[in-house]
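Morning, everyone. Please bring the structure up on your screens. I will take a helix pair, then a cavity.

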Amino acid sequence: MAEFDPHPPFQEYAEPGKLVSAPWLSARLGINGLRVIEVDEDALLYDIGHIPTATRINFQNELMDPVTRDIVDGEAFAQLMSEKGIRREDTVVLYGDKSNWWATYALWVFESFGHPDVRLLDGGRDAWMSEERDTSYMVPEHPTSDYPVVERDDAAHRAFVSDLLNNTDATIVDTRPPEEYAGQATEHSAQGDSPYGTTIRHGHIPGAINLEWDRATYPNACFRRLEDLKTNYGALTPSDETILYSHVGAQAAHTWFVLKFLIGFDNVRTYDGSWAEWGNMVRMPIER
């Protein structure tokens, strides 16, 4: 396990060890036991330059089951880790585009399989590139590892439709932009326009409040200071059961990371079925 990043702003957070800064990572690239993984929405970005030593994971093809709309199971995850040469004892640092949307989703998946040390690069690909740090076109090769098969633990981090229906105790948070929450078609919800497939109906889950994911970040994609985060998420109570959703789960996973590891919420889960599932289900109630 790599030492934690002592970057002063991180020390305010509930779990400062879940983040690394660009200077910390830049100084440690290539050390044994540290693996850097890029996870993008735009899979082509890796090919036009990535952090040196970084390996790519395609969230659609490698983290999703190819038959069912689900996360891969324990055997498939172990096989993926083995093929990427990732060992169970490695420190894994994830980063990506879109302010780390899919990188945090991947971190959520790693946490579901209990990987002991998985962290997020603050600011992700956006911040690294804007700072004009070193990039590489080289695709690293790693020997196959012997990653163990570990069963996925959905209960701790994941919510399903059954957890939302008739659950009057949970606070449900829609992390999409206000237009999507209001039921207005956008690039991520309009029929035929979404890169994830169509959503027949637009609106939000009844009773959900709208706290858009980007209230957690600065324009450079780095996370805001703890004081700002507590203000921006002041409508929520850390001890309450909180369930997050977005369009397909990436924005929700981003907010899950913020609430759980930065602010320190006790019981927060991601409904990764999100609006893509809820908005297409027969007889499912919606609000606009």
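How are α4 and α10 oriented to each other: roughly parallel or roughly perpendicular? Keep in mind that this model is predicted. First, the two helices. Helix α4 covers residues 101-112, and helix α10 covers residues 250-263. Their axes come within 7 Å. They cross at roughly 65°. Angles of 65 to 115 degrees count as roughly perpendicular. So α4 and α10 are roughly perpendicular to each other. The crossing of α4 past α10 is left-handed.

Who makes the contact? On α4, look for W101, W102, T104, Y105, L107, W108 and E111. On α10, look for A250, Q251, A253, H254, W256, F257 and F261. Sorted by class, this contact of α4 with α10 holds 10 nonpolar, three polar and one charged residues.

Now the cavities. How many of 30 Å³ or more turn up in the whole structure? The search finds two. Take the second largest cavity. Its space is about 30 Å³. The lining of the second largest cavity consists of E38, V39, D40, A43, R56, I57 and N58. By class, that lining has three nonpolar, one polar and three charged residues.

How values were computed: Residues are numbered from 1 along each chain as its sequence is written. This is a predicted model: local features need pLDDT of at least 70, side-chain atom pairs count only at pLDDT 80 or more; totals for chains, interfaces and linings use all residues. Side-chain values use heavy atoms; hydrogens and water are left out. Axes are lines fitted to C-alpha atoms, for helices over the stretch in contact, and angles run from 0 to 180 degrees between N-to-C directions. Helices (H or I, at least four residues) and strands (E, at least two) are DSSP runs, numbered from the N terminus. Angles under 35 degrees count as roughly parallel, over 145 as roughly antiparallel, 65 to 115 as roughly perpendicular and the rest as oblique. A crossing is left-handed if the near helix is turned anticlockwise from the far one by less than a right angle, and right-handed if clockwise. Contact means heavy atoms within 4.5 Å. Ala, Val, Leu, Ile, Met, Phe, Trp, Tyr, Cys and Pro count as nonpolar, Asp, Glu, Lys and Arg as charged, and the others, Gly among them, as polar. On a 1 Å grid over the protein atoms alone, a cavity is a set of points where a 1.4 Å probe fits but cannot get out, and a pocket is an open set with protein on both sides within 12 Å along at least five of seven lines; lining residues have an atom within 4 Å of a point. Grid points are joined across faces, edges and corners, and a volume is the space filled by probe spheres set on the points.
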